[in-house]
Amino acid sequence: MLDFRNKLLFATLDGMFGTIFGKKTPISHREIKLFNSESGKLEVFQPLSEPHVTMYSCGPTVYDYVHIGNLRSYVFPDILKRVFIRNGYLVKHTINFTDFGHLSDDGDAGEDKMMKGLKREDLPITLAGMKQLGDIYIKAFVDDMDELRIMPPTTWARASDYVGKQVSLIKALDDKGFIYETSDGAYFDISKFPTYGRLGKINIQKLQEGARVEVNSEKKHPADFAVWKKGELGWPSRFGTGFPGWHIECSAMALETLGKQIDVHTGGVDNMPTHHNGEIAQSESLTGKKFVQYWMHGEHLRIDNTKIAKSAGNSITMRHLRDRGFSGEDYRYWLLTAHYRSPINFSWDALKAAKQALYRLKRHMYEEFKQRSNVPDTAYMEKFDACLANDLDTPGAIAVLWEMMKDPKLEEKTKCGTLMAMDEILDIGLSEDPSEGRRLLGVVGQQELSHEIQELIDKREAARISRNWAEADFLREAIARKGYTIEDSPQGPKITKNS
Ligand code: AMP
Ligand code: ZN
């Protein structure tokens, strides 16, 4: 039987190829409202070409491990995608890898991040070296995404595989008079695109007044941005050897993989002012069509209320979470308890509380439900889905989940079925086969315990029954030292193996 992740994958593929199961299923979907950063309003979602939905998510610059903040920016598009699919849409989704040309400043200043990575890892400063660096961190990123149970996109687009397209777009922009050449590259002339800065309502006038003159005296306007950076390393173009700019990469990959107009484009809030306004200006100047219908931006994750930065020594990666015993599901669950448009502050205590709550849910799912079913309660599912259709209100949806769990009137097997249906969207590890679920929880069956541990457990049970608490505590500690946790339950002692 296909699990939901596979079903979703098929639905995504279906989005790619039209239909794969022979006939089109008639579409029935609830009204989905999304906050569009461009209008600054909640809008009813209407795709350009129903039942198809195209989505583009700006991917990471693959010069280092991504931090847990970066990963937050891929969890909300994952929820969005699942909500679309649940509502009958066929989704085609692209996530890119930026493997050249992103400077440490989102504008045209600072060090090239890939160069920084090459130097750090003592790799040759060549295109082959960059490819090697990219390979390492692309793999690490895809592994992190998998650990967070984020569905793979229809297309992973690697910027260096689309250089030809970028060069041809730059040529077309030049032919249409949108760009000008300087000694260090070629720049998009924002005065030729009157609505430049409309995303996030950037005050262009103010930008000009506040500009630092020394940055690049050849730029006609401080907001003009590089479409080509000249250099010794790179690819050939009409402006000589060099790299395409960061923004043209995304325009090229979006246009090439999804078409001239796309439904949804996502990214973190930091992408909005420069990168996304750049993408709009280039793409719309080329096609004459509105590039993106719904712009969606996720708020940042902060640590100790400070921006995450290697230089601040507070960059936490998935490996750090794993080292402290947290799984991708724990982190995913914690992220989903906040709305994607709310800034959140990471703390180990908050993550620990989320882990415990999720553990309680899993215990219910794999141990306490004696009767199982996959039939959900329609009323609770309606409330849950309504939250998600309201601009991905995951905290609201999780509140409905706990309300359902605490409902004394609901049968155990219905709770089980409802949790499973909710997990199709949340994907927090509630849909395992019960024996696998128990194994993952570390619940140990009596037959799996060594004779020595079983003896300690029996002695402790005897001490407990005879109310000899000191002896019972002593034995509990002895069992803990052997790597097991003992808990008392109405069915007798429960043993879990410590991770
Ligand atoms: P980058 O590799 O810098 O292009 O970042 C990859 C993605 O992570 C982009 O969508 C950024 O907007 C996003 N991002 C960067 N920092 C954070 C953060 N602290 N919280 C959430 N998303 C972030
Ligand atoms: Zn991008």
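A polar contact is taken here as a pair of N or O atoms within 3.5 Å; within protein, one atom must be able to donate a hydrogen and the other to accept it, and residues adjacent in sequence count only if both atoms are side-chain atoms. The model is predicted, so local features are reported only at pLDDT of at least 70 and side-chain atom pairs only at pLDDT 80 or more, whereas totals for chains, interfaces and linings use all residues. Residues are numbered from 1 along each chain as its sequence is written, chains are lettered from A and ligands numbered from 1 in the order in which they are written, and side-chain values use heavy atoms, with hydrogens and water left out.

An oxygen atom of ligand 1 lies 3.5 Å from an N or O atom in the side chain of K113. Backbone atoms take part as well: a polar backbone atom of T61 is 2.9 Å from an oxygen atom of ligand 1, and a nitrogen atom of the ligand is 3.1 Å from a backbone N or O atom of G69. On its own, ligand 1 has 490 Å² of accessible area, and the protein covers 92% of that; such areas come from the Shrake-Rupley method with a 1.4 Å probe, and for residues only the protein chains shown count as cover. Around the ligand there are 18 residues, of which T61, G69, S73, D270 and L301 come nearest; a residue is counted here if one of its heavy atoms lies within 4 Å.

H67 itself lies in the loop between β3 and α2. Beyond its neighbours within four places in sequence, H67 is in contact (heavy atoms within 4.5 Å) with I308, S315, I316 and T317.

Buried means under 20% relative accessible area, exposed over 50%, and partly exposed in between (1.4 Å probe, protein chains only).

Turning to the helices, α14 (residues 412–426) has 15 residues and reaches 20 Å from its first C-alpha to its last, close to the expected 21 Å. The expected span is 1.5 Å times one less than the number of residues, and helices (H or I, at least four residues) and strands (E, at least two) are DSSP runs numbered from the N terminus. Because 11 of its 15 residues are buried, α14 is largely enclosed by the rest of the structure. Its buried residues, among them C416, L419 and M422, pack against α2 (68–86), α10 (328–336), α11 (348–368), α12 (378–389) and α13 (394–405). After α14 comes D427, whose phi is positive, near 50°.

Helix α13 has 12 residues and reaches 17 Å, close to the 16 Å expected. Here 9 of the 12 residues are buried, so α13 is also largely enclosed by the rest of the structure. The buried set includes I398, L401 and W402, and the buried residues of α13 pack against α2, α10, α11, α12 and α14. At the start of α13, a side-chain oxygen of D393 comes within 2.9 Å of the backbone nitrogen of G396.

Some backbone details deserve a look. The peptide bond from E50 to P51 is cis, with omega near 5°, and P51 is in the loop between β2 (41–44) and β3. K201, which is not a glycine, has a positive phi near 45° and is exposed, at 64% relative accessible area. D304 likewise has a positive phi, of about 50°, and is exposed at 61%.

Overall, the protein contains 17 helices and 15 strands, and buried residues make up 54% of its 499 residues.
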